[in-house]
Amino acid sequence: MDLHLGTLFHCLDDPDSKENEAPAPPAWEFIPQGALAVEGGRVADRGPAAVLAARYPDARRHDWGTGLIVPGFVDTHIHAAQVDVIASHGSQLLDWLERYTFPEETRFADPDHAAAASAFFFDQLAAHGTTSACIFPTVHEGATEAVFAEAARRRLRIACGKVAMNRFCPEALRDGPDLGRAATERLIARWHGHGRLRYILTPRFAPASTPAQLAWLGGLRREVPGLAVQSHVAENRAEVAWVQELYPEARSYLDVYERHGLLGPGCVYAHGIHLDDADRARLAATGTAIAFCPTSNEFLGSGLFDLARAQEAGVTVGLGSDVGAGTSYSLLRTLASAYGVLQLQGQSLSPWRGFYLATLAGARALGLDGLIGNFETGKEADFVVLDPEATPVLARRCARALERAGGDLAAAAGEILFALMLLGDDRAVRTTHILGEAAYRRT
């Protein structure tokens, strides 16, 4: 057994849920001088360090000092094939895809390029504290294989699936007459349920698939247990108008997916900016989640996601970096952007809910909250140690918060978490652990 000593913080529920009003139990735990006990890659116990040290006297101890031990971050929307697209000078969504994304994704037909890019991609996730992700590769079977193989080598819990796309794209990225059936079925057989890996059906977005392809994907989802769906929805107004032209029989962009059986628990749709209340009601009723991708939405000028309306409707919302339209692999940087996006709408993101979005909410969005997302006993021990003294600005800000609280770390918790949320990035990630083993250490 290993004991990791430091300040422990995790969410037990949504801190802003109305169900958590008194006398409901607290939605989070913040334990100064705490400890996390890990055995066999799983959480064995948690609590005050003195108590756990006495309970497990023979455990190996890892003292992280002032470090904050939090669950590994869960990125609900990211593109492994866009590592070389990030920071491509601006345009809006549809033009950006044509100018930058599609040309880069054609390079993933080369197995060597796909393998090297996948290794770099997962190195970046580890360095930024992300331990689980819902990943878009490309339309290529080999590129999807490279993502799964690299994730399996690192023992990561991910969801990924070959992109389905058979129109309005370059020929080199287009599924052929079989709609991608053979490659998809081979990948499902090899990787779905293998270790910590899940296959997730991945139509790029409604315009890029014919009705026949979407119908086939919906049928496949009904046939194979545990298959969910990831895609994009209502990101950009021009895109929404285009979907209306292509699918005039559908009530909305989201309705296109529902008509083809592509909504349900574990399914996650990125963006969801231009949805209406009827759409939100359908998301909630079907258990379909939205990935909130604020850095991407700012960068492409897509709009402002209304978190409050989604929350009021009962929609599960996770956080997505959306690299490469997103501008950082860091979910801390993504939270800083989320805070600004919500402020512009008269909404406020507390640090408690911010960390919930980056951890347990993401696990819930992907249907993985029974396995990851917090430190409940028996869950997989993916965690990150954050350094509140990582930069001079962050160190000074946290020191002042502690001073104002009279040295009481628990009383300063909200301010310290908020400072990490607004000022943190990969420099604040001291170490990243997968199943209790160090996968990254900052040098």
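Arg196 is buried, and so is Glu380, where buried means under 20% relative accessible area, exposed over 50% and partly exposed in between, with a 1.4 Å probe and protein chains only. This is a predicted model, in which local features need pLDDT of at least 70 and side-chain atom pairs count only at pLDDT 80 or more, while totals for chains, interfaces and linings use all residues. Residues are numbered from 1 along each chain as its sequence is written, and side-chain values use heavy atoms, with hydrogens and water left out.

**Salt bridges**

- The structure holds 33 salt bridges, a salt bridge being a side-chain nitrogen of Lys or Arg within 4 Å of a carboxyl oxygen of Asp or Glu.
- Side chains of opposite charge can pair when their charged atoms come close.
- Arg196 and Glu380 form one of these salt bridges, with their closest N and O atoms 2.6 Å apart. Because Arg196 lies in the loop between α5 (181–191) and β9 (197–203) and Glu380 in the loop between α14 (360–365) and β14 (383–386), the pair ties together parts that are 184 residues apart in sequence; helices (H or I, at least four residues) and strands (E, at least two) are DSSP runs, numbered from the N terminus.
- Arg251 forms a salt bridge with Asp276, and the closest N and O atoms are 3.0 Å apart. Arg251 sits in the loop between α7 (237–246) and α8 (253–259) and Asp276 in the loop between β11 and α9, so this pair ties together parts that are 25 residues apart in sequence. Arg251 counts as partly exposed at 48% relative accessibility, and Asp276 likewise counts as partly exposed, at 31%.
- Arg154 forms a salt bridge with Asp123, whose closest N and O atoms are 2.9 Å apart. The pair links distant parts of the chain, 31 residues apart, with Arg154 in the loop between α4 (141–153) and β7 (157–160) and Asp123 in helix α3 (residues 111–127). Arg154 is buried, with a relative accessible area of 19%, whereas Asp123 counts as partly exposed at 38% relative accessibility.
- Asp123 and Arg154 also belong to a network of salt bridges in which they are linked with Glu150 and Arg153.

**Strand β12 and its partners**

- From strand β12 (residues 289–292), Ala289 and Ala291 point one way and Ile290 and Phe292 the other way, and all are buried.
- Strand β11 (residues 268–271) pairs with β12 in the parallel sense over 3 bridges, two strands being paired if DSSP finds at least two bridges between them. Between β11 and β12 the chain passes through helix α9 (residues 277–286), and this β-α-β crossover is right-handed; that is, with the strands pointing away from the viewer, the path from the first strand over the helix to the second runs clockwise.
- Val268 has Ala289 of β12 as its bridge partner.
- Strand β13 (residues 317–319) also pairs with β12 in the parallel sense, over 3 bridges, and Gly318 in β13 stands opposite Ala291.

**Cavities**

- The structure holds 4 cavities of 30 Å³ or more. On a 1 Å grid over the protein atoms alone, a cavity is a set of points where a 1.4 Å probe fits but cannot get out, a pocket is an open set with protein on both sides within 12 Å along at least five of seven lines, and lining residues have an atom within 4 Å of a point.
- The largest cavity has a volume of about 130 Å³, a volume being the space filled by probe spheres set on the grid points, which are joined across faces, edges and corners. Of the 15 residues that line the largest cavity, His79, Leu93, Leu97, His232 and Glu235 are the closest to its centre.
- Helix α2 (residues 93–106) contributes the largest share of the lining of the largest cavity, 3 residues. This lining divides into 6 nonpolar, 5 polar and 4 charged residues, where Ala, Val, Leu, Ile, Met, Phe, Trp, Tyr, Cys and Pro count as nonpolar, Asp, Glu, Lys and Arg as charged, and the others, Gly among them, as polar.
- The second largest cavity holds about 60 Å³ of space, and the residues lining this cavity include Glu380, Asp382, Phe375 and Pro71.

**The second largest pocket**

- About 310 Å³ of space lies in the second largest pocket. Of its 17 lining residues, the closest to the centre are Thr66, Pro388, Leu402, Leu409 and Ile416.
- α15 (392–404) is among the elements that each supply at least two residues of this pocket's lining, and α15 gives the most, with 4 residues.
- The lining of the second largest pocket divides into 11 nonpolar, 5 polar and 1 charged residues.
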